[in-house]
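Hi,

Here's the structure I said I'd pass on. Have a look at it first, and my notes follow below.

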2 protein chains.
Amino acid sequence: MPRPDKGTRQKLIETAKTLIWTSSYGAVSVDDICKAANVKKGSFYHYFPSKQDLAMAVMDEYQSYKIESIMKPVFAADKPFAQQVDDMDDVIIKDNKSNLEIHGFVCGCPLAALGSEMIGEEEQAIRLRVEELFHECQKYMINAIASAVETNQIPHVDPKEKSEEVHDFLTGLMIMARIHNSLDGLERDLKPGLVRILGLNQKELVAAE
Amino acid sequence: MPRPDKGTRQKLIETAKTLIWTSSYGAVSVDDICKAANVKKGSFYHYFPSKQDLAMAVMDEYQSYKIESIMKPVFAADKPFAQQVDDMDDVIIKDNKSNLEIHGFVCGCPLAALGSEMIGEEEQAIRLRVEELFHECQKYMINAIASAVETNQIPHVDPKEKSEEVHDFLTGLMIMARIHNSLDGLERDLKPGLVRILGLNQKELVAAE
């Protein structure tokens with residue numbers, strides 16, 4: 001019995017990620033992915049029943065990376081909140097720079113771009129998965145905000161509402177970075193925006209640096 | 001000589017708008033548009049050399065609507081700034097409700113969704129046009145903010161930077177409204193967010209209502 005070739009599956013995921021991240025789900029066909037990955041169509045369908053299944057695998061892999069490389073280290077419990085915010089700024093800019101190097105474009109938040117593409121009837125499953133993935137990330141921020149409120153590091157706020165405000169703000173900056181294909185807005189506005197929305201004062205930020 | 005049929009051109013624009021607004025540019029083919037509009041392909045190419053040209057026409061028409069129905073009336077020079085902000089909130093929510101009725105989905109800012117789809121090499125022209133259209137709308141907000149600063153209606157800010165902050169905030173809310181396919185976030189966060197970012201105080205807002 002032939003062993004499944006994990007290399008091919010991973011190659012399809014990586015190729016689809018680049019193609020979807022730098023254009024859109026709708027613009028990328030199974031043919032495009034197979035051609036770019038140098039994989040035969042029959043082989044594609046051995047690993048993924050459909051383009052949607054492959055996109056789900058791309059999203060899941062990106063989410064694992066986001067949780068392990070961004071959410072968990074940024075919101076590690078032993079750091080002051082001002083430091084967490086500072087790290088969030090650093091890691092988001094670093095992630096966007098890295099995407100620019102890898103894919104040749106500022107990708108912003110590819111999940112937001114993908115989710116916003118999917119409001120029609122046919123691909124509701126992808127949009128709903130984006131919502132779930134955002135919800136999972138938001139938990140880290142809700143906990144961090146709740147803990148910062150409890151320990152008087154920021155003024156009293158509703159952690160869930162405030163985390164949504166932060167998320168809306170991040171999404172806007174990320175989508176505009178994508179549209180302008182530029183890191184300038186992120187580098188200029190990300191940190192002051194987070195500081196303003198979260199009610200951190202500059203003294204705490206300077207102390208954390 | 002047969003007269004050009006303006007009805008067909010407009011039908012193609014309307015059909016393409018619905019299809020692109022509720023899914024994506026990449027997912028919609030010339031065939032899809034012709035089928036949905038009940039127009040022959042030869043006829044399509046009589047009016048538009050390519051799908052990109054049709055998308056440009058859709059964007060231009062939407063922009064005219066936005067300038068005439070949103071930007072100009074909202075930022076009419078004879079209104080106090082607090083009233084302008086209040087009207088902006090009203091008109092954005094009304095526009096999203098209307099899109100929900102017409103297209104069956106919360107579309108948020110379709111131009112932001114379209115621009116964020118277009119970061120790859122092939123469709124730079126559309127992304128650059130989105131940037132231009134945003135720039136044109138931003139002028140109204142820059143003027144309104146500059147005038148509000150001059151007349152001490154809000155604290156001193158750089159009008160261009162502040163208008164970008166407002167635009168990033170609006171884009172984030174709109175994209176999230178699109179992803180959640182819900183008006184809830186807009187109805188809850190739009191006005192308080194504008195008030196907070198622009199430094200308006202509640203007294204002025206109550207007076208304007």
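Before the first item, one convention: a charge counts as sitting over a ring if NZ of Lys or CZ of Arg is within 6 Å of the ring centre and within 35 degrees of the ring normal. Also keep in mind that this is a predicted model.

With that convention, Lys51(A) sits over the face of Tyr25(A), 4.1 Å from the ring centre. Chain B has an entry of this kind too: Lys51(B) is over the face of Tyr25(B), at 4.1 Å from the ring centre.

On to the aromatics. Any such pair is described by how far apart the ring centres are and by the angle between the planes. Over all chains, the count is 8 aromatic pairs. One of them is Phe44(B) with Tyr45(B), an edge-to-face pair with 5.0 Å centre to centre and 75 degrees between the planes. Phe44(B) also pairs with Phe48(B): the centres are 6.1 Å apart and the planes are at 55 degrees, so this pair is tilted. As for burial, Phe44(B) has a relative accessible area of 0% and is buried, and Phe48(B) is buried as well, at 2%. Tyr45(B), on the other hand, comes out as partly exposed, with 42% relative accessibility. Over in chain A, Trp21(A), Tyr62(A) and Tyr65(A) make up one aromatic cluster.

Next, helix 2 of chain A, which covers residues 30-37. Which of its residues are buried? They are Val30(A), Ile33(A), Cys34(A) and Ala37(A). These span an arc of only 95 degrees around the axis, which means they are on the same side of helix 2 of chain A. On the face turned away from that buried side you'll find the exposed residues Lys35(A) and Ala36(A). After helix 2 of chain A comes Asn38(A), which has a positive phi, near 55 degrees.

For context on that stretch, an unreviewed UniProt entry puts a "DNA-binding region" at residues 29-48 of chain A; bear in mind that such annotations may be inferred rather than shown by experiment.

Last one: Asp86(A), in helix 5 of chain A (residues 81-103). Is Asp86(A) buried or exposed? Its relative accessibility is 8%, so Asp86(A) counts as buried. The side chain of Asp86(A) has a polar contact, at 2.3 Å, with the side chain of Lys191(A).

Cheers

Technical notes:
Residues numbered from 1 in each chain as written. Chains lettered and ligands numbered in written order. Predicted model: local features only at pLDDT ≥ 70, side-chain atom pairs only at ≥ 80, totals over all residues. Heavy atoms only, no water. Helix = DSSP H or I, 4+ residues; strand = E, 2+ residues; numbered from the N terminus. Buried < 20%, exposed > 50% of the residue type's maximum accessible area, 1.4 Å probe, protein only. Polar contact = N/O pair within 3.5 Å; in protein donor to acceptor, adjacent residues only side chain to side chain. Arc of directions from axis to C-beta. Phe/Tyr/Trp six-rings, centres within 6.5 Å; stacked < 30°, edge-to-face > 60°.
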